[in-house]
Amino acid sequence: MRNRTSEWFETKVRYNKTTEDGQTKKVTEAYTVEALSFSEAESAITEEMSHYVSGEFDVKAITRAPYGEIFFSDADSDDRWYKAKLAFIAIDEKTEKEKRSNVVYLVQAASLDKARLYVKEVMSNTMIDYEVVSISETPLFDVFEYKKQ
């Protein structure tokens with residue numbers, strides 16, 4: 001399991017996809033790209049999709065991702081993406097009250113249980129007290145990291 005902290009953007013791409021039965025169907029798929037700006041994100045997803053889509057496609061939406069860090073798996077069976085919301089717990093020294101701050105991660109895993117296991121594995125290397133608030137599957141098809149030209 002490796003992790004990468006960066007600036008991420010979620011994109012939606014619409015194109016004609018050939019289904020298994022040979023029919024053509026218009027689909028909109030979601031992808032995440034690593035970029036520094038919206039224009040760079042559009043350029044990155046256009047470049048990546050040109051390798052996978054024959055014909056025209058449209059970038060329908062680009063939004064800043066709610067996560068800054070992604071946990072990547074090397075297992076071929078881990079083909080889904082999950083958003084994991086964690087609450088980091090700290091004690092305020094002045095008031096001695098518990099303070100929680102929420103952080104969202106993107107996790108590559110084969111199932112919800114495996115995503116939870118990966119979060120636990122990564123967080124076991126830290127000294128931070130945390131609580132898993134939620135883990136949910138996303139509609140993301142893939143994540144594209146920045147490639148140096």
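## Salt bridges across the chain

Glu10 and Lys83 form a salt bridge, with their closest N and O atoms 3.5 Å apart; the term stands for a side-chain nitrogen of Lys or Arg within 4 Å of a carboxyl oxygen of Asp or Glu. Glu10 belongs to strand S2 and Lys83 to strand S6 (residues 80–91), so this pair ties together parts that are 73 residues apart in sequence. (Helices here are DSSP runs of H or I with at least four residues, strands are runs of E with at least two, and both are numbered from the N terminus.) Glu10 counts as buried at 18% relative accessibility, while Lys83, at 24%, counts as partly exposed. For these words, buried is under 20% relative accessible area, exposed is over 50%, and partly exposed is in between, using a 1.4 Å probe and protein chains only. Please keep in mind that this is a predicted model, in which local features need pLDDT of at least 70 and side-chain atom pairs count only at pLDDT 80 or more, whereas totals for chains, interfaces and linings use all residues. Residues are numbered from 1 along each chain as its sequence is written, and side-chain values use heavy atoms, with hydrogens and water left out.

How many salt bridges are there by this rule? The count comes to 10. One of them joins Arg64 to Glu7, where the closest N and O atoms are 2.6 Å apart. This pair links distant parts of the chain, with Arg64 in strand S4 (residues 57–64) and Glu7 in the loop between strand S1 (2–5) and strand S2 (8–18), 57 residues apart. Both ends are partly exposed: Arg64 has 45% relative accessibility, and Glu7 has 31%.

Another salt bridge is formed by Asp78 and Lys114, whose closest N and O atoms are 3.8 Å apart. Asp78 sits in the loop between strand S5 (69–72) and S6, and Lys114 in helix H2 (residues 112–123), so the bridge ties together parts 36 residues apart in sequence. Asp78 is buried, with a relative accessible area of 2%, but Lys114 counts as partly exposed at 28%. Elsewhere, salt bridges that share partners bring Arg2, Arg4, Glu34 and Glu145 into one network.

Which residues of H2 are buried? They are Ala115, Tyr118, Val119, Val122 and Met123. Seen down the helix axis, these buried residues fall within an arc of 125°, so they line one face of H2; the arc is taken from the directions between the helix axis and the C-beta atoms. Their cover includes S5, S6, strand S7 (98–109) and strand S8 (129–137), judged by contact, meaning heavy atoms within 4.5 Å. On the face turned away from the buried side, H2 carries the exposed residues Asp113 and Lys120.

## Aromatic rings

The structure holds seven aromatic pairs. Rings of Phe, Tyr and Trp (its six-membered ring) pair if their centres lie within 6.5 Å, and planes under 30 degrees apart count as stacked, over 60 as edge-to-face and the rest as tilted. Tyr31 and Phe141 make a tilted pair, 6.0 Å centre to centre with 40° between the planes. Tyr31 lies in strand S3 (residues 24–34) and Phe141 in strand S9 (residues 140–144), so the pair ties together parts 110 residues apart in sequence.

Phe72 lies in strand S5 and is buried, with a relative accessible area of 6%. Arg2 lies over the face of this ring, 4.3 Å from its centre; the rule asks for NZ of Lys or CZ of Arg within 6 Å of the ring centre and within 35 degrees of the ring normal. Leaving aside neighbours within four places in sequence, the contacts of Phe72 include Trp8, Trp81, Gln108 and Val143.

Ala87, in strand S6, counts as buried at 2% relative accessibility. Not counting residues up to four places away in sequence, Ala87 touches residues including Arg100, Ser101, Tyr130 and Val133.
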